[in-house]
Amino acid sequence: RQHPLHTDDHHHHAHAGSAGDHERLEQHEEEDSEEDLAEIHLRRRQRKHRAKVEGTPQSVYVSWIKAEIERETACLELPFTTMLLLCFATLAISYTGQDTTNLIAKSFETDLMNNPKFAW
């Protein structure tokens with residue numbers, strides 16, 4: 001397709017920055033987008049008609065079913081994963097005794113700050 005600003009007649013070359021050229025370019029772009037839109041709508045109508053007449057291909061249906069089963073499996077595993085995480089966190093906290101270690105460290109810090117003659 002030829003650009004709207006290019007002409008075969010060398011005597012009618014338009015100045016690149018003129019308002020008329022800009023308007024023609026915008027009009028040409030609008031026509032292109034309308035043609036593209038019409039083509040998209042035509043393809044959609046053709047696909048819908050083909051789907052109604054021929055049905056959905058089995059490969060599309062099977063891949064959709066497999067994806068749905070995978071998503072369902074992931075959702076069904078969520079409670080188990082949550083329980084495992086909570087058990088791990090509980091066991092880790094109780095085994096390492098972080099709360100006791102933290103209390104001892106804080107008590108040393110407090111004694112050193114409040115009693116400068118500690119251990120004399």
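1. Buried means under 20% relative accessible area, exposed means over 50%, and partly exposed lies in between (1.4 Å probe, protein chains only). By that scale Arg-71 is partly exposed, at a relative accessible area of 47%. Its salt-bridge partner is Glu-68, with N and O 2.5 Å apart. Glu-68 is partly exposed too, at 32%.

2. Basis of this note. The model is predicted: local features need pLDDT of at least 70, side-chain atom pairs count only at pLDDT 80 or more, and totals for chains, interfaces and linings use all residues. Residues are numbered from 1 along each chain as its sequence is written, and side-chain values use heavy atoms, with hydrogens and water left out.

3. Confidence. Mean pLDDT (the predictor's confidence in each residue, from 0 to 100) is 78 for the protein, and 69% of residues reach 70 or more. Among the helices, α1 (residues 19-54) has the lowest mean, 79, and α2 the highest, 91. Residues 1-16 fall below 50; beyond near neighbours in sequence, this stretch has 18 contacts (heavy atoms within 4.5 Å) in the model.

4. Fold. There are three helices and zero strands. The order along the sequence is α-α-α. Helices here are DSSP runs of H or I, at least four residues; strands are runs of E, at least two; both are numbered from the N terminus.

5. Burial. Of the 120 residues, 2% are buried. Accessible surface (Shrake-Rupley, 1.4 Å probe; for residues, only the protein chains shown count as cover) totals about 11500 Å², with 61% belonging to carbon and sulfur atoms.

6. Salt bridges. The structure holds three. The criterion is a side-chain nitrogen of Lys or Arg within 4 Å of a carboxyl oxygen of Asp or Glu. In α1, Arg-43 pairs with Glu-39 at 2.4 Å; these two are four residues apart, about one helical turn. Arg-43 is partly exposed at 44%, and Glu-39 likewise counts as partly exposed at 39%. Glu-54 and Arg-50 meet at 3.4 Å, also four residues apart in α1. Glu-54 is exposed, at 58%. Arg-71 and Glu-68 sit three residues apart in α2.

7. Surface patch. Tyr-61, Val-62 and Trp-64 form a nonpolar patch with about 320 Å² of accessible area together. Patch residues have over 30% relative accessible area and no salt bridge; like charges are joined within 9 Å, nonpolar side chains (Val, Leu, Ile, Met, Phe, Trp, Tyr) within 5 Å. Tyr-61 lies in α2 (residues 58-96).

8. Cysteines. The structure has zero disulfides (cysteine sulfur pairs within 2.5 Å). Cys-75 is exposed at 56%. Cys-87 is partly exposed at 39%.
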